[in-house]
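I opened this entry to record what I looked up in the structure.

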Amino acid sequence: MSADAREPDAELLGRVLLARVIEPGDEVGGRWVREFGVGEVVRRLRQGRDALPGVSGPRWGGLVARAGAAEPERDLDVARAAGVRFLRPGDAEWPGQLDDLGDGRPLGLWVRGTASLRMWALRSVAVVGARACTEYGAHVAADLASGLAERGWVVVSGGAYGIDGAAHRGALAAGGATVAVLACGVDRPYPRGHAALIGRIAEQGLVIGELPPGDHPTPSRFILRNRVIAALTRGTVVVEAARRSGSLVTARASQRLGRITMGIPGPVTSGLSAGVHELLRGEAALVTDAADVVELVGEMGELAPARHGPVLPRDLLEPAAREVLAALPGHRAAPAEEIARGARTTCDEAIARLYELRALGYVERHGDGWKLTRQAVISVRRGRSPC
């Protein structure tokens, strides 16, 4: 049972109040809570007299004004009516990996959906990227998320247009689990064009955020939201990102937290892949599909399959037969003696292999010599390196 399903206690009400007062990721506010405790921080903000250390007078005044307007009981009531619960550190459902954020750890999280956030976060991967993505990027993100979901991994993203939306849809289409981390109140989905998608996520997955009911997003809140995506997951995959993309903030946060950072390459001529390629030049790992991702973030033994080119019929020949086949000229017949010299074998051995190759359709008799069949010429050409 979540904390706000019971009669709210002072610590719970205090954290809900602070969620109205202190901005997400504010490490000064986080240090207050760690050093003084929730109750003392709330008392000083309510009274407005003894300023807490580390802030200017004007900023302290602004925080005090926010605290005076906060109504934590009302926030809990509004949340409950919208099917939203409030999690705080120490709750059974609280994901412990968020504690890696130190004083920047969320004061609490508002959650829509019935699944356990703690359990889902243990096996989760972030898939992020450009809002103005290409068709290639959207296809890759959806396919990647679908593959991860089919392998039992939870796909975490930010609910935005572009790569985020494609990742959520891919996971949902596979009947899998997905989590949207919003930069606003979870009862007021943003962007509005994704209201239906976020509603589906709340039904099939989870929608979470740090901001209380009704709160609106700002540019800084989008950036700070990304640290939660990074901390919550085992690793972050960036599908498409320009050099100034917000998704790179998630990737860098993932690196700072010791998580695995991955990127999917795109065309070298695409500005929307320039940020990903910059990551790949650093410490990020190159991945191409869900199997690659799981090999990096999964348990020991969860390996991606070995990658091979297509198997051609001549690959199945014995080495001696391949040598004889390779010794035949491409556009003329040749006597057995010449073919034997080219294959570095005896004439009798070359003749034996030529009859074997004829039975398989690779060569034919041409007077006193031997010649490649048309199909064999095509096969050999396709198998040769262009270099």
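**Pocket.** I began with the largest pocket, which holds about 200 Å³ of space. I note that the model is a predicted one. I then listed the lining of this pocket and found 17 residues, with Arg131, Arg225, Asn226, Gly246 and Ser247 lying nearest the centre. I looked up which elements give two or more residues to the lining, and these are α10 (219-232) and α11 (247-256). Of the elements, α10 gives the most to the lining, namely six residues.

I turned next to buried nonpolar residues. In soluble globular proteins, nonpolar side chains tend to be buried together. The largest nonpolar core here has 34 residues, and Leu98, Val179, Leu206 and Ile208 have the most contacts inside it. To this core, too, α10 gives the most, with five residues.

**Confidence.** I checked the pLDDT last. The chain average is 91, and 92% of the residues score at least 70. Residues 1-5 have a pLDDT below 50, and I found 14 contacts for this stretch in the model beyond near neighbours in sequence. Where pLDDT is low, the predicted coordinates should not be read in detail.

Notes:
Residues are numbered from 1 along each chain as its sequence is written. This is a predicted model: local features need pLDDT of at least 70, side-chain atom pairs count only at pLDDT 80 or more; totals for chains, interfaces and linings use all residues. Side-chain values use heavy atoms; hydrogens and water are left out. pLDDT is the predictor's confidence in each residue, from 0 to 100. Contact means heavy atoms within 4.5 Å. On a 1 Å grid over the protein atoms alone, a cavity is a set of points where a 1.4 Å probe fits but cannot get out, and a pocket is an open set with protein on both sides within 12 Å along at least five of seven lines; lining residues have an atom within 4 Å of a point. Grid points are joined across faces, edges and corners, and a volume is the space filled by probe spheres set on the points. Helices (H or I, at least four residues) and strands (E, at least two) are DSSP runs, numbered from the N terminus. A nonpolar core is a set of buried Ala, Val, Leu, Ile, Met, Phe, Trp, Tyr and Cys residues joined through side-chain atoms within 4.5 Å. Buried means under 20% relative accessible area, exposed over 50%, partly exposed in between (1.4 Å probe, protein chains only).
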